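Let's walk through this model together, going from domain interfaces to salt bridges. Keep the structure open as you read.

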Amino acid sequence: MSTAMRSALAAGLVLACSAGLFAQEEQRDWKIFGEKVYTATGDVIENGTVAVAGGKIRGVTGGTRGGDGKNSLRAAAVTPGMVDLSVRVGAGTDSVEQSREVAPDMRTAESVDVFDVDWDVQARSGVTTALVCAPDFDVIGGLGVVVKTAGPSGVRARTVKADAVLRGAIGSQPSFRNHPAFGRPDDFFSRRPTTRMGVEWELRKAFYDAAAARGSDERAFPGSDELRSVLEGTRPLMLQTWTTQDIRTAIFFKEEMESEGLGHPRLILDAAAEAWKEPDLLARSGAAVVLPPYPLDGRTSDNSFMTLDSAKLVHDLGLPLALSAHGSGDPAARLDRQAGFAMRGGLSFEAALQAVTIAPARMVGVDDRVGSIEAGKDADLVLWSGTPFETSSRVIGVVIDGRLVLDPRPTE
Amino acid sequence: MLTLASLVTLALGPVLAGPLPSATGSREAEAPAVLFVRAERVYVRPGEVIDNGAVLVRDGRIVAVGRDLVAPEGARKLSGKVVCAGFVDAWSSFGLDAGSADDQRTSPATRTVDALNEYVDPRLRLEVLGAGVTAARLNAGSSSREGGVGALVRNRPEPGADAVLLGDCCVAASVGLTREGRGRDVFDSLGEVDKLVGSIADGLNYLRDKNDYKVDLEEWRKAITEKEAELEKDFKKAKKDREKDEKEAEEKGKEYKPKKYKEDKKPSPPRYDEDKEVMARVANGELPLVVQVHRCAELRSLLEGTERFDRLRLVIAGGSEAMDVADELAERDIPVIVWPAPLGRPRPDEFEDADLGLAGRLEAAGVTVLLGTGGQAGASRDLPLLAALAVGHGLTRRQALAALTTDAAATLDVGDRIGSLETGKDADLLILDGEPLASSTRITHVISHGDLVVGQ
Amino acid sequence: MTTQLTNRAVARTLQVTLLATALLAPAALADGKLAIKAGTVITEAGAEPIENGVIVIENGRITAVGADAKVPWDAKVIDAPEMTAFPGFVEAYSPRGMDRPNENIDVAPFLDVRDSIDPVNFYFEDSLRWGVTTINVQQGPDCVIGGQGRVVKPYGMTVEAMTVENNAGIVLSASPKRGNSNATQAQALRKAFTELRQALEELVQEQRDGDDRARREALYQGRDLEGEKAKGRAMTGAGWTVEGLDLVPRGEVDEKLEPLLALVEGDVPAFFYCGEPMNVHQALEIARENGFLARTTLVLDASCWKAADVIAEAGVPVVLSSELVDRERDPITGEEIETFVPGVFAEKGVPFALSSTNASTQSLWYQAAMAVGLGLTREQAIQAVTSTPASFLGLGKRVGSLEVGKEGNVVLFSGDPLSVTSFVERVVIDGEDAYDRSTDVRVKQLLEGTQPPGTAAAAELDEKGHVHDDGEVDTKDEKVDKGEEQSDDDKGSGDDDEGGEDQ
Amino acid sequence: MISTTKMLTTGVLAAVLAAPAYPAPASDGGADTYAVRAARMLLADGREVEDAVLLVEGGKIRAAGRGVDVPAGVPVLEHDGVLTAGMIACHGYSGTRGETGDDTRSVLAEARIANALDLGHSDFANALAAGITTLVITPAPDNLAPGSTAVVKTAGGTILSSAAHLSLSFTDDALRANRYPTSYGGALAELDARLADPSGAFAEAVAGRLPVLFEVSSRDETQRAAEFATRHGLGGALHGARRAGEVLSAVQQSGLGVIVGPFDPGTPGRQLDSVVALGGARVPLAFGLDAPQEDGDALRLSAAMCVRDGLDPALAWQGLTSGGADIAGVGRRVGRLEAGLDADFVLWSGPPLDLTSSVVEVYVDGARVFGGVR
């Protein structure tokens with residue numbers, strides 16, 4: 001439906017859509033009725049109506065009927081727009097600065113392609129906010145940016161929070177392209193780590209150097225400030241850690257920084273497939289965990305194995321938990337399905353809902369704008385055909401900043 | 001249905017787009033069965049123009065053309081400066097499955113009609129229709145040594161039963177092309193010519209064998225029926241003899257041996273071969289043979305090799321160096337399908353000497369020139385522009401128009417269906433606001449098989 | 001890649017367990033009685049669920065269903081008050097469970113999947129796990145005309161033991177086999193039937209000529225003619241027939257041609273694969289010309305929804321691919337367009353069956369649930385994985401619902417069969433207690449990661465730390481692709497000639 | 001009349017014989033002052049003037065238009081067709097013999113393709129035959145800053161500008177896995193640094209003395225480049241922005257022009273629609289040719305395709321002449337039929353945007369360098 005609309009525009013009014021599909025004045029005030037309105041932070045509101053004006057949520061009132069005017073929408077359920085911290089869309093190999101293995105100063109925002117059609121897929125699947133980081137070919141790849149998945153066609157216009165996290169990676173990925181220098185090195189891959197040990201060392205070295213550069217200009221280097229912001233705890237450090245030994249590396253790193261008195265990094269473990277393996281260690285670290293999409297047969301990237309009850313387990317440890325779909329366009333693997341899998345693994349509905357909305361929003365510090373249905377927050381809402389996350393229900397409507405991205409109303 | 005709906009919306013896209021003549025969806029396509037088109041100049045055929053004439057279309061056909069026609073009751077009236085027949089792209093791949101068009105492993109029996117893609121986006125079809133190209137020659141394996149049987153296909157917003165004008169309008173072949181990066185190799189390419197000539201010869205022999213078989217079989221039948229009658233007649237006697245012999249044998253205590261029966265062996269038919277079946281039709285002149293060939297060497301040996309097939313209807317496609325053999329082409333009345341596109345460098349060997357002046361020079365030498373878009377997907381839309389470019393480089397307007405209409409239709413055996421505005425022909429026609437092929441001219445309406453598919 | 005690895009690995013383990021159950025099987029009341037008491041019984045699509053229902057199975061057949069069905073005194077009883085009983089799922093077409101599904105001989109109708117079905121293939125064990133009790137195993141679609149398939153149940157140690165129905169049909173493909181184009185594929189298909197016809201006509205001719213000559217010889221030798229009696233039987237066929245085939249002893253028809261002849265005579269079902277909408281036209285035309293349209297089921301790629309009208313008009317049933325949603329790029333804008341495939345066919349009234357994905361955990365129950373989510377009614381979705389495929393396979397009277405007289409294939413779910421939180425707890429096939437989740441190592445491992453010591457699965461997981469087994473390489477490639485993919489997307493969505501491609 | 005034409009022909013003949021490699025400019029040829037009276041004259045702004053006269057003196061235009069009076073004794077050449085300024089193709093590799101850049105370093109801002117050209121190469125004759133009298137030769141976009149572009153005439157070997165633009169590549173072609181930078185981010189960081197404390201060509205660009213040629217491809221690259229130009233206040237043009245029409249706001253903000261084409265037959269309508277949109281928004285347009293990969297006639301074909309799909313013919317013609325010249329920074333030398341500018345003009349059989357029209361004669365610096373079979 002929205003695709004239909006947009007395609008028609010795109011095919012037809014080049015002029016109009018050239019100024020950005022959303023340039024022309026369009027309706028941004030809505031009365032959105034849901035038999036159940038799940039606020040994610042507060043309680044469930046029966047027969048609630050969410051008032052939207054000027055792209056913001058004005059409030060929710062329960063026990064309503066819901067109208068059928070041109071500005072009213074209806075659905076079986078309404079939830080906040082979903083947040084994916086590991087969306088892996090819109091930033092390809094062209095966004096990784098591979099001439100250095102540590103590039104903390106690189107801003108992914110500069111490389112984001114807002115025209116990537118996968119954004120539309122994300123938006124229509126109910127993911128309204130996403131953290132974009134460059135693919136993990138570097139040990140420290142740079143600064144991730146939090147964006148809306150639909151809206152004006154420009155990165156800045158879509159940005160919710162620039163440079164939200166410093167992104168790094170442990171494990172085999174940052175090193176797999178690299179090779180020892182035989183004879184004369186003909187490219188910079190020969191100067192970069194080729195093993196987990198090398199990667200781990202690069203990571204620690206970077207932060208020690210940054211700490212050493214504190215207050216001394218001659219020891220400063222590109223990105224030392226960004227690295228220090230992590231030590232000072234003002235910006236979270238998000239590390240890709242598929243396997244249990246990568247998770248260890250990350251946690252030991254954090255503890256080392258603390259014991260050495262260099263600072264208190266706020267860890268977000270991304271793609272932590274084997275978070276279930278060493279619960280005590282994980283609990284001790286207090287790190288936030290972003291789970292990768294559930295691999296249907298357990299086996300997943302970097303030779304890790306993820307269990308169906310991982311989400312429940314992390315949640316029961318009392319750690320911040322977020323789910324992610326890695327931008328999969330497959331309707332059977334999108335973020336709402338991931339929440340379903342988590343529930344299949346024993347996670348409660350409430351926890352599942354938070355793990356795809358407010359929890360990730362908090363991790364990257366955008367919970368003041370998105371992640372729950374509260375007056376004053378961005379009008380990012382998802383309308384459902386039935387109980388959210390149930391296999392037998394689906395996303396029928398999506399509103400982002402008050403703009404209708406997927407229209408729940410029948411086309412005729 | 002999310003997308004069913006969306007597709008409808010999409011189909012309307014170009015309407016809003018403006019530049020192309022606005023497209024009418026399938027709904028209007030089924031509009032009135034009777035159309036009455038009046039124009040200041042009616043191009044019945046290139047060189048034959050009726051001033052202030054009209055064309056009457058009923059049920060997909062042209063039922064009247066003339067100066068003083070009156071519109072019948074309820075006829076949909078249309079008018080414009082010029083009306084002419086829809087253009088035919090004599091060398092296209094629009095609407096043909098890409099894999100089949102480029103397939104190098106085809107054989108003469110491969111059928112293009114098996115590879116028509118009914119699901120080309122209607123908007124793309126309307127783009128091409130809007131440019132005035134209402135039909136095209138498509139060929140599976142068009143650049144393969146042995147291409148398949150080509151089809152003359154009408155371009156419709158939604159292809160229906162009437163899309164295929166002629167399912168077997170030609171057989172394609174090619175010699176001396178750069179294949180898998182292998183460029184000019186005289187022996188390769190001449191070898192290819194020999195192979196092609198050989199398979200025409202095979203076709204001819206196959207045809208002969210079949211006829212011979214018919215004759216032999218007839219004779220044999222005749223002989224055998226006579227023999228049988230004989231035997232019937234002599235049966236009583238034979239039976240007596242047998243009984244006699246049997247008795248004798250018994251007396252002699254010998255074992256009876258019946259007389260050995262002999263008869264002429266029944267002639268056996270030639271082994272069925274689907275490819276030879278097709279080449280037989282080619283050799284017999286039932287199907288034109290369209291050969292893509294460019295260099296002078298291959299052209300010469302091809303002409304030489306095919307000289308002996310007096311019924312063969314040869315058509316050259318490409319012919320970058322065709323000027324070297326222009327006289328013979330003219331004399332043997334072999335048309336050339338020219339692809340008048342500006343080619344840059346570097347380019348494949350066979351195109352080394354291709355230039356936009358070719359069409360004009362061939363015409364001057366008395367060769368029938370057709371025009372095509374070289375089988376480049378999507379290029380059909382730009383055929384009129386390429387034709388104009390050819391005119392800019394020496395082709396006469398009249399021949400350019402003929403190449404796009406009458407001559408193309410005639411060469412590809414659909415002259416009785418399309419190509420000119422004559423009573424009885426299918427109504428594939430264009431209404432324009434100026435002279436055909438002038439770049440400033442806009443096509444305001446396109447009528448395909450009597451349906452108004454472009455324009456209001 | 002990784003997934004397959006695991007499958008194989010785990011298969012190795014579970015062969016052990018499967019073997020165990022299998023060996024017990026005969027002992028487990030071969031022709032005994034079984035009663036299933038379930039909290040809820042869903043007998044078939046659209047039926048009112050029966051609260052606290054009882055299903056009685058005797059000698060493999062259902063003899064009673066209902067709340068008040070009487071439990072025979074000597075019946076073994078499965079008492080599952082908190083579970084939901086559901087008919088076993090039916091897979092309408094599957095090129096899996098074989099060591100190699102595709103034959104490179106173009107036209108090979110004389111092959112039989114019997115010879116390549118592997119009873120201990122992980123696929124069967126896994127199908128059982130997710131409640132699929134009837135599977136039509138067919139050759140893969142990378143062929144022109146493939147071999148004969150058979151319907152099996154995922155239970156039993158030999159193909160014979162598994163077989164429900166043999167000679168269950170022949171696979172044809174309208175989409176290009178490797179090395180072909182659509183044009184040459186169609187050519188190859190047509191050629192196969194032309195040659196069949198040629199061969200038969202020659203046979204008849206030879207026979208006739210022979211007889212004539214014999215008659216003349218007899219005249220010459222003064223013998224009396226003994227009357228000719230028909231040796232074969234006349235050819236029947238909706239498309240074309242060869243007159244006089246009855247003169248030819250059937251034995252003389254080349255056995256390699258026999259199956260194709262059977263197809264043309266409408267004696268065997270055809271499963272015709274179409275990889276893109278344009279293939280549908282060729283498939284239908286060829287099926288029609290050669291008289292097996294009535295026995296044809298189309299096996300469709302997701303994109304073939306575009307041909308739904310043509311299919312509806314031809315009135316043939318379809319097996320849909322596991323991709324419930326077709327995703328295509330708009331050739332002009334490059335935008336992604338999604339179409340819910342089963343929805344289209346439901347709307348056109350074309351009978352359709354769903355297929356499970358390669359990922360075992362997305363078996364038919366999951367596909368049905370997804371389909372409901374995407375817009376089918378619950379009834380439509382359940383039909384598409386039970387009764388409809390059963391009817392495609394001519395087994396409508398034997399499987400697909402829980403009715404008296406049908407085979408005792410029952411799946412017990414922990415909750416609503418279509419809920420994401422439900423698990424398959426038990427599976428009964430032909431009244432035999434075929435699967436019990438509480439003893440399923442594999443599911444426990446998927447759920448909690450626990451592996452029984454010493455199993456191959458465990459061993460493999462322990463290896464995980466070590467670098468450079470295939471798995472590792474895979475994951476690497478995977479990521480590289482991801483990267484490239486995206487940069488490609490830039491182009492794809494950026495500008496380039498999407499239009500051009502599609503013409 | 002006859003006599004004048006005769007003397008003219010001899011004059012040019014002399015010129016041609018004088019310099020076989022390429023015809024020399026008229027100054028050292030015979031016909032110093034002459035006039036051409038054409039049935040129609042197409043001016044840069046798309047206006048058509050009937051029965052107009054072009055007065056040439058010493059290779060320069062002295063006067064052009066209707067009612068220009070021709071001094072006595074000045075030979076007048078009659079042309080029963082259309083007279084226009086010579087066309088300019090704003091992007092291409094003619095005469096480079098395939099050496100279009102050096103990708104061993106990512107920043108080669110000071111490199112000049114002008115100094116590495118073979119001005120006698122047949123590429124130029126090919127362009128000339130199509131009515132193109134000026135070419136912008138560009139380094140390939142395989143480096144972040146592959147060098148500066150050159151503007152040359154297709155005859156006479158005149159180099160109008162040996163540093164017309166600073167070329168900057170925002171395409172992924174400039175991002176290599178074997179040298180810095182490998183990312184858009186890295187590229188921007190590098191360029192920002194160069195412009196923060198500019199030297200050489202960068203300094204010229206910042207000072208606004210040297211326009212920038214932004215090489216882009218996809219929409220996000222186009223937008224990135226446009227925003228970069230706005231941020232640094234750089235002028236110039238975008239090239240390769242196939243769908244620039246869809247990021248119009250960014251392009252308009254930047255004030256950059258857009259070099260479009262060449263468009264091969266079959267080019268998706270989407271790309272042509274984009275040009276139409278740019279024209280509709282009055283974004284300065286020019287046409288690229290990418291010769292020798294494209295033939296000279298592809299220039300007019302590209303324009304004709306845009307016009308067919310709705311581009312205002314006047315805009316298209318400007319893009320092929322004056323607009324192109326302005327974008328190439330040589331608008332005061334060529335591209336218009338105005339007094340004082342070089343006498344580079346073309347005699348056509350008909351309207352030049354009509355592909356059925358053909359090039360009859362081409363003059364560069366007042367000397368006839370193509371045609372003349374009259």
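A salt bridge here is a side-chain nitrogen of Lys or Arg within 4 Å of a carboxyl oxygen of Asp or Glu. This is a predicted model, so to speak of local features we need pLDDT of at least 70, side-chain atom pairs count only at pLDDT 80 or more, and totals for chains, interfaces and linings use all residues. Residues are numbered from 1 along each chain as its sequence is written, chains are lettered from A and ligands numbered from 1 in the order in which they are written, and side-chain values use heavy atoms, with hydrogens and water left out.

Start with chain A. Its domain assignment (domain bounds come from an automatic or database assignment) gives domain 1 as 11–80 + 389–406 and domain 2 as 82–370. Their C-alpha centres lie 30 Å apart. Domain 1 of chain A puts 20 residues into the contact and domain 2 of chain A puts in 26, where contact means heavy atoms within 4.5 Å. Together the two domains bury about 1800 Å², 67% of it on carbon and sulfur atoms; buried area is the accessible area (1.4 Å probe) that two parts lose on being put together, summed over both.

Now for the charges. The rule finds one salt bridge across this interface of domain 1 and domain 2 of chain A. A:D401 and A:K148 meet in a salt bridge, at 2.6 Å from N to O. Both residues also belong to a network of salt bridges that links A:K56, A:K148, A:R369, A:D378, A:D380 and A:D401.

Move on to chain D, where the assignment gives domain 1 (33–85 + 337–371) and domain 2 (88–327). The C-alpha centres of these two domains are 29 Å apart, and 23 residues of domain 1 of chain D are in contact with 23 residues of domain 2 of chain D. The pair buries about 1700 Å², 68% of it on carbon and sulfur atoms. On the domain 1 side of chain D, the residues that lose the most area to domain 2 are D:A44, D:L353 and D:L355, together 34% of what that side buries. Three salt bridges are counted between the two domains of chain D. Elsewhere in your view of chain D, pick out D:D342 and D:K153: they form a salt bridge, with the closest N and O atoms 2.5 Å apart.

Over all chains, the salt bridge count comes to 124. In chain C, C:K153 forms one with C:D430, the closest N and O atoms being 2.6 Å apart. C:K153 sits in the loop between β7 (145–152) and α3 (159–162), and C:D430 in the loop between β16 (424–429) and β17 (432–436), 277 residues apart; helices (H or I, at least four residues) and strands (E, at least two) are DSSP runs, numbered from the N terminus. Are C:K153 and C:D430 buried or exposed? Both are buried, meaning under 20% relative accessible area, with exposed over 50% and partly exposed in between (1.4 Å probe, protein chains only).
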